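The following exercises concern a single protein chain. Please examine the sequence and the structure before reading the solutions.

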Amino acid sequence: MAEIQTQQEIKVSGKNHESPEEFSLGEEILFLLAKIAGIILVFLLVFTFLFGLCRNLDASMGPSVKDGDLVMFYRLDKSYIARDTLVLEFKGQKQVRRVVATAGDTVDITEEGLLVNGALQQEPEIYTPTQRYENGAEFPLTLNEGEVFVLGDSRVNATDSRIYGAVKVKDTLGKVMTVLRRRNI
């Protein structure tokens with residue numbers, strides 16, 4: 001009887017036994033392609049609705065964000081505070097700008113520099129003076145609910161809120177998470 005059990009065990013565990021769950025090569029390739037398509041679909045959905053990527057095309061945010069840098073931003077967080085960096089679109093071009101004032105703040109630009117709520121702003125990472133443009137927003141400017149005032153870090157010749165005024169938060173694309181340096185590494 002022990003001999004019969006041993007022979008049955010050999011038949012079950014032998015190489016001649018085929019499982020009905022084995023796939024053919026074609027089925028395995030199709031399964032692999034389906035997995036790859038699923039990963040690509042998840043990646044596209046994440047970078048369409050949750051995150052965004054854009055290439056900075058101007059020097060208005062130098063030296064913190066340089067021309068040519070790749071900027072990754074989070075689309076769902078639009079609760080900005082002063083010092084946040086955001087991405088917005090102006091005349092069909094994406095811009096990276098820094099928030100200097102939020103809803104309820106009064107912004108003025110005088111010979112002294114940038115004033116927010118009457119206080120001169122100390123901005124140690126800004127190396128050029130903040131000046132008004134002849135054609136552009138009228139100052140002092142009080143921001144309404146749902147608006148932010150943005151400036152480029154390189155204040156000379158930057159296209160920012162001094163030109164187009166306050167920006168509606170709903171029109172921004174999102175808050176910058178990281179900058180990937182593409183030049184001068």
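Predicted model: local features only at pLDDT ≥ 70, side-chain atom pairs only at ≥ 80, totals over all residues.

**Exercise 1.** Determine whether Arg 162 is buried or exposed, and identify the polar partners of its side chain.

*Solution.* Step 1: Arg 162 belongs to helix α3, which comprises residues 161-164. Step 2: its relative accessible area is 1%; buried means under 20%, so Arg 162 is buried. Step 3: a polar atom of the Arg 162 side chain lies 2.8 Å from the backbone oxygen of Gln 131. Step 4: the side chains of Arg 162 and Tyr 133 form a polar contact of 3.1 Å. Step 5: residues touched by Arg 162 also include Ile 109, Phe 139, Phe 149 and Leu 151.

**Exercise 2.** State the strand order of the open four-stranded sheet, and explain why one side of each edge strand lacks a neighbour.

*Solution.* Step 1: the order is β7-β6-β5-β8, with antiparallel pairing. Step 2: β7 (119-120) and β8 (141-142) are the edge strands; each has a single partner strand, so one side of each has no neighbour in the sheet. Step 3: β8 is joined to β5 (residues 106-109) by two bridges, and Val 107 has Leu 141 as its bridge partner in β8.

**Exercise 3.** Locate Lys 91 and Asn 157, and give the phi of each.

*Solution.* Step 1: most residues other than glycine have a negative phi. Step 2: Lys 91, in the loop between β3 and β4, has a positive phi of about 55°. Step 3: Asn 157, in the loop between β9 and α3, has a positive phi of about 65°. Step 4: Lys 91 is exposed at 76% relative accessibility, and Asn 157 is exposed at 66%.

Definitions and conventions. Residues numbered from 1 in each chain as written. Heavy atoms only, no water. Buried < 20%, exposed > 50% of the residue type's maximum accessible area, 1.4 Å probe, protein only. Polar contact = N/O pair within 3.5 Å; in protein donor to acceptor, adjacent residues only side chain to side chain. Contact = heavy atoms within 4.5 Å. Pairing = 2+ DSSP bridges. Lists of a residue's contacts leave out its neighbours within four places in sequence.
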